[in-house]
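This note sets out points on helix packing and on aromatic pairs. Please read the points alongside the model.

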Amino acid sequence: MRKVSKVVNLSGNEYYRVHLQLINPVLPVKLSDKELDVLSYFLMFGNLSKESRKVIREKLGMSFGSLTNHIRHLKEKGFILESDELNSVIVPDSNSQEYIFKLVNNG
């Protein structure tokens, strides 16, 4: 079996955004583009504190109500827990993350 590999060096929010884009197709519930943006910042900050929420609103040009609605939708989808913690299923390693995808042609 031939393997294809590539190392991609990213930093800050971009690291978490690309991580979410890679896993989004295999998640049971898909994330919208704006949810990817919001969630990637929460992953970068590691929490849903008042301070992180304020920075995210400023970075994404969102109102308080808009961010609150996105957090509610992310909770409904199970990516943010009711305790305002991030679901560990979507949290990558903070230094490096590897992915293994296997495609099987049954045709």
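**Notes on the model**

1. F101 is exposed, its relative accessible area being 52%; here exposed means over 50%, buried under 20% and partly exposed in between, with a 1.4 Å probe and protein chains only. The model is predicted: local features need pLDDT of at least 70, side-chain atom pairs count only at pLDDT 80 or more, and totals for chains, interfaces and linings use all residues. Residues are numbered from 1 along each chain as its sequence is written, and side-chain values use heavy atoms, leaving out hydrogens and water.

2. The structure holds two aromatic pairs (ring centres within 6.5 Å; planes under 30 degrees apart are stacked, over 60 edge-to-face, the rest tilted). In one of them, Y99 and F101 have ring centres 6.4 Å apart and planes at 15°, so this pair is stacked. Y99 is partly exposed, at a relative accessible area of 29%.

3. Y15 and Y16 have ring centres 5.0 Å apart with planes at 90°, so they pair edge-to-face. Both Y15 and Y16 are buried.

4. Helix 3 (residues 50-60) and helix 4 (residues 64-76) have axes that come within 10 Å and cross at roughly 110°. Helix 3 is therefore roughly perpendicular to helix 4 (a class that covers 65 to 115 degrees).

5. Which residues make the contact between helix 3 and helix 4? Helix 3 contributes R53, I56 and R57, and helix 4 contributes F64, L67 and I71, contact meaning heavy atoms within 4.5 Å. These residues divide into four nonpolar, no polar and two charged.

Notes. Axes are lines fitted to C-alpha atoms, for helices over the stretch in contact, and angles run from 0 to 180 degrees between N-to-C directions. Helices (H or I, at least four residues) and strands (E, at least two) are DSSP runs, numbered from the N terminus. Angles under 35 degrees count as roughly parallel, over 145 as roughly antiparallel, 65 to 115 as roughly perpendicular and the rest as oblique. Ala, Val, Leu, Ile, Met, Phe, Trp, Tyr, Cys and Pro count as nonpolar, Asp, Glu, Lys and Arg as charged, and the others, Gly among them, as polar. Rings of Phe, Tyr and Trp (its six-membered ring) pair if their centres lie within 6.5 Å; planes under 30 degrees apart count as stacked, over 60 as edge-to-face and the rest as tilted.
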